[in-house]
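Please read them alongside the structure.

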Amino acid sequence: MSASTDTAPSGTSAPPPPPPAPPALTPRELGRWAWRQLTSMRTALILLFLLALAAVPGSIIPQRNIDAVAVGRWQESHPRLTPVYDKLGLFSVYDSVWFSAIYILLMISLVGCILPRVRTYWRGFRARPPKAPRNLARLPESRSLALDEEPSAVLERAGEALRRRRYRVDIGEDSVAAERGYLREAGNLLFHVSLLVVLVGFAVGGLFGYTGSVIVVRGQGFSNSLSQYDDFKPGTFFGPDDLKPFNINIDDFRVKFLRSGQQAGMPTDFSADVTYSEQPGQPERTQKLAVNHPLELDGGSVFLVGHGYAPLVTVRDGDGNVAYKGPAIFLPQDSTFESFGVVKVPDAMPEQLGFEGLFLPTYGFTMRTGPFSRFPDALNPVMSLLAYHGDLGLDDGKPQSVYELDKSGVEAFKRKDGRPLRVDIAVGQTKTLPDGSSIRFDGVQRWVKLQISDKPAKGVALGGVLLAITGLLASLFIRPRRAWVRVRREGGRTLVELAGLDRSSGGNLADEIDELETQIQQQATPQKEKP
């Protein structure tokens, strides 16, 4: 038996060996490749799109730094999604790690894109216009004519005509080269720089500024101190001691609702009259506060962002003593301003009292829905409350929301049939509870929600937006163009060739070259004949 061999059969050639694998990238080469990918224009556009996409959850999902109460209600309605959203940081999108990562990567990418382009633009800006091509007739727009004039005079006149049309001109021995539209690329660079300025402005405002909100009942006031805020979100480098000591009092509040039509019930306008002072001891000033017309103070901008109802109630305990008297803030739940709220009475004796339920500006009732509000204005206001007695949990030191009632230590008052007792109270009515306590509906007051924010670099961000608009307009309307004029003597006359090139798409250069030709011809003087 013959030994087996690995040789190919006669008449056939062995296949070529596979090409060697490329060598692995060194750490320096890998870093250079990663830097080029990060600083490419494509990556910058992708990051800008991702930043816009990442901001969408912040406008859909309630945010803790804007409305913590709305976050709490959302979490109660979606108990399964709440842990997932918490891990993803969707209740505080703009403070999340992933949003900050996109933000920082976009800034690095923009810097990496801008710096090389600035160097390239500077070299191109200082360079002379390119020389005339060998065959001008091949360009999209070209003309030729013959003049009875010296070539030097034609070149000088062509150069002057191009300068008047804002070209940068370079006159040679037998030709003129001209170019304009350098500011188009400057507009592109300005647009990219402005994006970086806007990002820096927002970053500085987020680090050194703050945003807070507070609900103030009409007739009451607000002092700019940390303890008076309902929600307060400071920047990383902002401390409570940095708050400026201004005061605001809500003197009056007005709101108008549409009374008829498909959009009946929609608010058409709401505004507040406020009295304020920026420093203790300074004279007070008055101003009308309206939507999109904030009050600008040294310590921040005050915006009117919402409104609602605060029913005035009086609660007497079982001993007949007044245990609570004043407004109770109820938060609107829908467009009819059906509002939810609580009244906590920790000073009631012998047991603490609590009330939870609805405020209905215009009372309505059906067997299917129960009590509801027909219209957002207070035309027939009614409070529909469940009453509780026991320990409200206010003495154990644990913080509680003023808009929620802790029911772990209380028990609802019961009707004779054992169901929870619900009391519906109109203005001026008093309802007595089984233990002898009572609650009276004295009237209706309104409250306004103020948002106070101080962003130190908001002027920088606004300037960046204006620069972006300027750069975008320059890049859209400035057209980079080149023009050449070449002359030569032939047959006792001066032959002139002129041509132009539009370096942007869609430009019509024919009219401009025709105008240049007309100016050269009109100013030509006949050449004197030699004796």
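**Notes on contacts, packing and cores**

1. Glu-512 touches Arg-165, Tyr-167, Arg-180 and Arg-481, leaving out residues up to four places away in sequence; contact means heavy atoms within 4.5 Å. Glu-512 sits in helix α10 (residues 510-522), helices being DSSP runs of H or I of at least four residues, numbered from the N terminus. Glu-512 is buried, with a relative accessible area of 7%, where buried means under 20% (1.4 Å probe, protein chains only).

2. This is a predicted model: local features need pLDDT of at least 70, side-chain atom pairs count only at pLDDT 80 or more, and totals for chains, interfaces and linings use all residues. Residues are numbered from 1 along each chain as its sequence is written, and side-chain values use heavy atoms, with hydrogens and water left out.

3. Helix α2 (residues 41-54) packs on helix α6 (residues 97-126) at an angle of about 150°, the axes being 9 Å apart. Axes are lines fitted to C-alpha atoms over the stretch in contact, and angles run from 0 to 180 degrees between N-to-C directions. The two helices α2 and α6 are therefore roughly antiparallel, a label for angles over 145 degrees.

4. The largest nonpolar core has 49 residues, and those with the most contacts inside it include Ile-248, Val-302 and Leu-450. A nonpolar core is a set of buried Ala, Val, Leu, Ile, Met, Phe, Trp, Tyr and Cys residues joined through side-chain atoms within 4.5 Å. Apart from this core lies another, of 20 residues, among them Ala-158 and Leu-509.

Technical notes:
Buried means under 20% relative accessible area, exposed over 50%, partly exposed in between (1.4 Å probe, protein chains only). Angles under 35 degrees count as roughly parallel, over 145 as roughly antiparallel, 65 to 115 as roughly perpendicular and the rest as oblique.
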